[in-house]
Amino acid sequence: MARELSGSAQVNAVGYCIGGAALATYMAWANRHYGKENMPVASATFFTTLVDYHKPGDIEVFLDPATIEWLDNKMEEKGYLDGKEMALSFRLLRSNSLIWHYVVHNYLYGEKPSAFDVLFWNMDTTRLLSHHARLVLARVLSE
């Protein structure tokens, strides 16, 4: 669609977070499907994107088969992965800074919450359409 709108033979793509994982999956497919000569993407830039799932770090606690099956069922039910569910995952991974800091300082100390960029970023959620998420999940499961 970007090529149609721009009239360009190739576009430069940017992927952020799970969108970057979906872009990486697309790039792998497109390289095989189109080949070098007809590739619709000239370059891909990835921000905060996990593409190597062999050692994913802290997020690994959410990458077991039962969790992936639960996510797949939720997406099948709604047609998308709700951004609130992704935000909860990040809050759990960074619970000291995204949950407990505010419990202690707001509730126990009665302080006004200070601005925290990651907290605001985490609350700016985006729904991930199920067919895009399935591409990412298929890649995770195949690794």
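Student: How many aromatic pairs does the count come to?
Tutor: The model is predicted. Rings pair if their centres lie within 6.5 Å. By this rule, the number of aromatic pairs is two.

Student: Y26 and W29 form an aromatic pair; of what kind?
Tutor: The centres of Y26 and W29 are 5.8 Å apart, with 40 degrees between the planes. Planes under 30 degrees apart count as stacked and over 60 as edge-to-face, so the rest are tilted. The pair of Y26 and W29 is therefore neither stacked nor edge-to-face, but tilted.

Student: By about how much of a helix are Y26 and W29 separated?
Tutor: Both residues sit in helix α2, residues 18-34. An α-helix has 3.6 residues a turn, so residues three or four places apart point the same way. Y26 and W29 are three residues apart, so their separation is about one helical turn.

Student: Is W29 buried, partly exposed or exposed?
Tutor: Buried means under 20% relative accessible area, and exposed means over 50%. W29 has 44% relative accessibility, so the class is partly exposed.

Student: With which residue does W29 form an edge-to-face pair?
Tutor: The centres in this pair are 5.8 Å apart, and the planes make 85 degrees. Over 60 degrees counts as edge-to-face. The partner of W29 is Y34.

Student: Which residues do the ring pairs link into a cluster?
Tutor: Y26 pairs with W29. W29 also pairs with Y34. Y26 is partly exposed at 29% relative accessibility, and Y34 is partly exposed at 30%. The cluster is Y26, W29 and Y34.

Student: Which element gives the largest share of the largest nonpolar core?
Tutor: This core has seven residues: V11, A13, L23, M27, A30, M39 and V41. Two elements give two or more residues to the core, β1 (11-16) and α2. The largest share is three residues, and it comes from α2.

Student: Leaving out residues up to four places away in sequence, which residues does V41 touch?
Tutor: V41 belongs to the largest nonpolar core. So do V11, A13 and M27, which are among the residues in its list of contacts.

Student: How far apart are the end C-alpha atoms of helix α3?
Tutor: Helix α3 covers residues 65-78, which is 14 residues. At 1.5 Å a residue, the helix should span 20 Å. The distance agrees with this: 20 Å.

Student: Within what arc do the buried residues of α3 fall?
Tutor: The buried residues in α3 are I68, L71 and M75. Seen down the helix axis, they line one face of α3, because their arc is within 60 degrees.

Student: Which exposed residues does the face of α3 turned away from its buried side carry?
Tutor: I68, L71 and M75 are the buried residues in α3. Exposed means over 50% relative accessible area. On the face turned away, the exposed residues are P65, A66, E69, E76 and E77.

Student: Which residue's side-chain oxygen reaches the backbone nitrogen of A66?
Tutor: The approach is at the start of α3. The oxygen comes to within 3.1 Å of that nitrogen, and it belongs to D64.

Student: Which residue with a positive phi follows α3?
Tutor: Just after α2, G35 takes a positive phi of about 75 degrees. After α3, the phi is positive, near 95 degrees, and the residue is G79.

Key. Residues numbered from 1 in each chain as written. Predicted model: local features only at pLDDT ≥ 70, side-chain atom pairs only at ≥ 80, totals over all residues. Heavy atoms only, no water. Phe/Tyr/Trp six-rings, centres within 6.5 Å; stacked < 30°, edge-to-face > 60°. Helix = DSSP H or I, 4+ residues; strand = E, 2+ residues; numbered from the N terminus. Buried < 20%, exposed > 50% of the residue type's maximum accessible area, 1.4 Å probe, protein only. Core = buried A, V, L, I, M, F, W, Y, C linked by side-chain atoms within 4.5 Å. Contact = heavy atoms within 4.5 Å. Expected span 1.5 Å × (residues − 1). Arc of directions from axis to C-beta. Polar contact = N/O pair within 3.5 Å; in protein donor to acceptor, adjacent residues only side chain to side chain.
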